[in-house]
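Morning, everyone. Please look at the screen, and we'll walk through some side-chain contacts.

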Amino acid sequence: MGIGRFHFSDRYSIFDWGEMPDQIENKGASLCIMGAYCFEKLEEQGIKTHYRGVLDQNGNLVKTDDLRVPTTIMEINLVRVIPPEPIQKNDVLRYDYQAYTPNLTNFVIPLEIIYRNSLPEGSSIFKRLRDKEISLSDL
C-alpha cells in the first residue's frame, strides 16, 4: 500500500487540556528510538512487523545500531488496520476476532501495550476488579 513516516515531536499534552505551551527536549527522538528498538527486537524473534527502519542524519534508512545521532523519523510499510468487531451482550463488551484468517494479508492487528510501575489510587483497574469485569488471575 506504500510507505509512511512517523515524525516524532517534543510536544506533549495533558489529559483533556490539550497541547502544552512548552516542549520536552528530546522526547521525540527518545520515543522514536525506543519504538524502533522494540520493533527490531520483535523482528529478531521472527515476528513480522510493518517497521522498515529509522532515518539517519543523511536521510538514509538504517537500523538503530547504525545511528550516530538521535533521529525523530521512523519509516513503516503502510498496511490496513482491521479492528475486531465489537459485540455487546448482557452489558458486557467483547470482541469478535473471526476476521483474522490465514488468508488475510497486508494488515496489522491494533495492539496497545500499557506498562505501569504501579497501580495508583483511582486506577480504572480497581473498578474493573470491583465490578468483576476481570479477576486477579486475569492480571
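How many aromatic pairs are there? The count comes to four. The rule: rings of Phe, Tyr and Trp (its six-membered ring) pair if their centres lie within 6.5 Å, with planes under 30 degrees apart counted as stacked, over 60 as edge-to-face and the rest as tilted. Take Phe39 and Tyr51. Their pair is stacked, at 5.4 Å centre to centre with 10° between the planes. Phe39 sits in helix α1 (residues 27-44) and Tyr51 in strand β4 (residues 51-55), so this pair ties together parts twelve residues apart in sequence. Helices (H or I, at least four residues) and strands (E, at least two) are DSSP runs, numbered from the N terminus.

A word on the source. This is a predicted model: local features need pLDDT of at least 70, side-chain atom pairs count only at pLDDT 80 or more, and totals for chains, interfaces and linings use all residues. Residues are numbered from 1 along each chain as its sequence is written, and side-chain values use heavy atoms, leaving out hydrogens and water.

Now charges. The structure holds eight salt bridges, each a side-chain nitrogen of Lys or Arg within 4 Å of a carboxyl oxygen of Asp or Glu. Glu44 bridges to Lys41, closest N and O atoms 3.4 Å apart. Both lie in helix α1, three residues apart, about one turn of the helix. Lys63 bridges to Glu43, at 4.0 Å between the closest N and O atoms. Lys63 lies in the loop between β5 (61-62) and β6 (73-77) and Glu43 in helix α1, so that pair ties together parts 20 residues apart in sequence.
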